[in-house]
Amino acid sequence: MEEAAAAATNEENQQVLKVLEALKQASHDLQSNPTPKPTESNSIKALLELETESDSILSNDPYLSTLSHHLTYLKSIVDSLENSKSTRRHGLRSFLTRRVTTHEISRVAGSIESEIQAWIDRECIENLARALSSSSNDNNSHSSSVDEETLIQMLVREQVAFAIAELIRFNKDVFVGQVLIGQMIRALISMSSPSSLKVLCSLIKSIKSPLLDEIESNGDIFDIIKLLKSDELSIRVMAMNCVLEIGYFGRKEAIEAMLMKGDLIRILVELQRGELGGDLIEVGKWEEEESGGVEVLGRRESVRERRYLESHPFASCVARFAVQLEVGEGLRQSERRALKQEILKRVREACVSDAEAATIVAEVLWGSSP
């Protein structure tokens with residue numbers, strides 16, 4: 001039943017696309033060659049004919065309502081000129097009227113072309129999102145064994161994900177809504193690959209709090225935290241990057257979910273305790289070098305720190321997360337103070353010794369403002 005409905009929707013979209021491509025070409029031609037004699041313009045004739053034929057098609061899609069209005073307005077301009085043709089006189093006034101009309105026709109044609117391109121762009125990313133989500137569902141319903149077909153499918157899905165991220169960077173206003181709707185984010189998380197998590201980090205940077213609100217409301221934030229326990233190091237590292245991005249851009253609700261329901265601090269303490277962890281305080285953490293430093297998520301990171309993190313990706317990860325909250329964009333100052341105290345409390349609960357607790361607490365206090 002669902003497959004039949006999807007096929008019907010796809011066929012309808014193809015019909016709409018065919019009409020819109022014709023409208024787009026006519027609009028483009030009209031902008032290139034506007035004429036003060038609209039009834040003699042083949043482009044205008046084509047637009048008006050398509051406006052009549054496509055009215056029922058356009059009215060079914062809310063994204064095309066503005067386009068329908070533009071076509072109706074174009075028709076009214078032409079009708080008005082036709083009605084005033086019998087009373088038109090030669091002279092300066094008539095010349096200026098024709099010039100104004102030519103400009104207005106060209107402007108409306110440009111608006112028509114822009115609306116059509118926006119619809120095509122939305123359809124493009126919806127197709128990509130459907131491909132990403134459907135592939136995810138297919139993979140979940142089959143055996144977990146990895147064969148050649150599965151690997152190829154994974155590579156294709158990763159490329160689809162990267163394409164979506166690039167489209168959002170290109171035009172966030174058009175494409176953000178498509179990311180927030182549907183299963184695309186869940187599909188990225190379920191892929192559980194370094195590439196899919198890299199795309200997720202990119203989307204968080206582009207969309208910021210609105211995307212994190214969606215992730216938090218759907219409970220997907222806990223699946224990201226679970227990836228910090230993955231057997232594969234590259235996945236754990238990319239999950240850590242996602243956690244840091246969430247800390248920087250997330251609002252209070254998202255951060256509280258991570259701390260109080262996701263038990264994030266205990267997991268970070270365990271990672272910091274491991275062989276890939278350690279204490280950046282020992283290599284001059286939080287010191288600012290006069291040369292060679294780089295800006296990372298709102299703070300200065302030294303060369304020595306970056307080199308150490310290459311071999312110890314979870315070093316001082318608790319304090320690094322705390323810093324993201326301190327310098328980030330998602331929290332009010334009062335919320336930062338309260339959440340910082342919550343982090344310190346959970347650090348003391350998660351540590352296995354007073355010495356470990358003292359070290360991490362010192363890093364949190366030293367690494368962020370008191």
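This is a short tour of side-chain contacts in a predicted model.

Select C242, whose nearest cysteine sulfur is that of C201, 3.1 Å away. C242 is buried, at 0% relative accessibility. C351 is also buried, with a relative accessible area of 13%.

Next, select Y248 and F249. The search of the whole structure finds one aromatic pair, and Y248 and F249 form it in an edge-to-face arrangement, with 4.8 Å centre to centre and 80 degrees between the planes. Both Y248 and F249 are buried.

Now turn to the salt bridges, of which the structure holds 11. Select E329 and K208, whose closest N and O atoms are 3.9 Å apart. This pair links distant parts of the chain, 121 residues apart: E329 sits in the loop between α16 and α17, and K208 in the loop between α9 and α10. E329 is partly exposed at 47% relative accessible area, and K208 is partly exposed at 32%.

Move to helix α13 (residues 252–261), where K252 and E256 lie four residues apart, about one turn of the helix. Their salt bridge spans 3.9 Å, N to O. K252 is partly exposed at 33%, as is E256 at 26%.

In helix α17, select R346 and E342, again four residues apart. Their N to O distance is 2.6 Å. R346 is buried at 18% relative accessibility, and E342 is buried at 14%.

Finish at D263, R266 and E270, which are linked in a network of salt bridges.

Key: Residues are numbered from 1 along each chain as its sequence is written. This is a predicted model: local features need pLDDT of at least 70, side-chain atom pairs count only at pLDDT 80 or more; totals for chains, interfaces and linings use all residues. Side-chain values use heavy atoms; hydrogens and water are left out. A disulfide is a pair of cysteine sulfur atoms within 2.5 Å. Buried means under 20% relative accessible area, exposed over 50%, partly exposed in between (1.4 Å probe, protein chains only). Rings of Phe, Tyr and Trp (its six-membered ring) pair if their centres lie within 6.5 Å; planes under 30 degrees apart count as stacked, over 60 as edge-to-face and the rest as tilted. A salt bridge is a side-chain nitrogen of Lys or Arg within 4 Å of a carboxyl oxygen of Asp or Glu. Helices (H or I, at least four residues) and strands (E, at least two) are DSSP runs, numbered from the N terminus.
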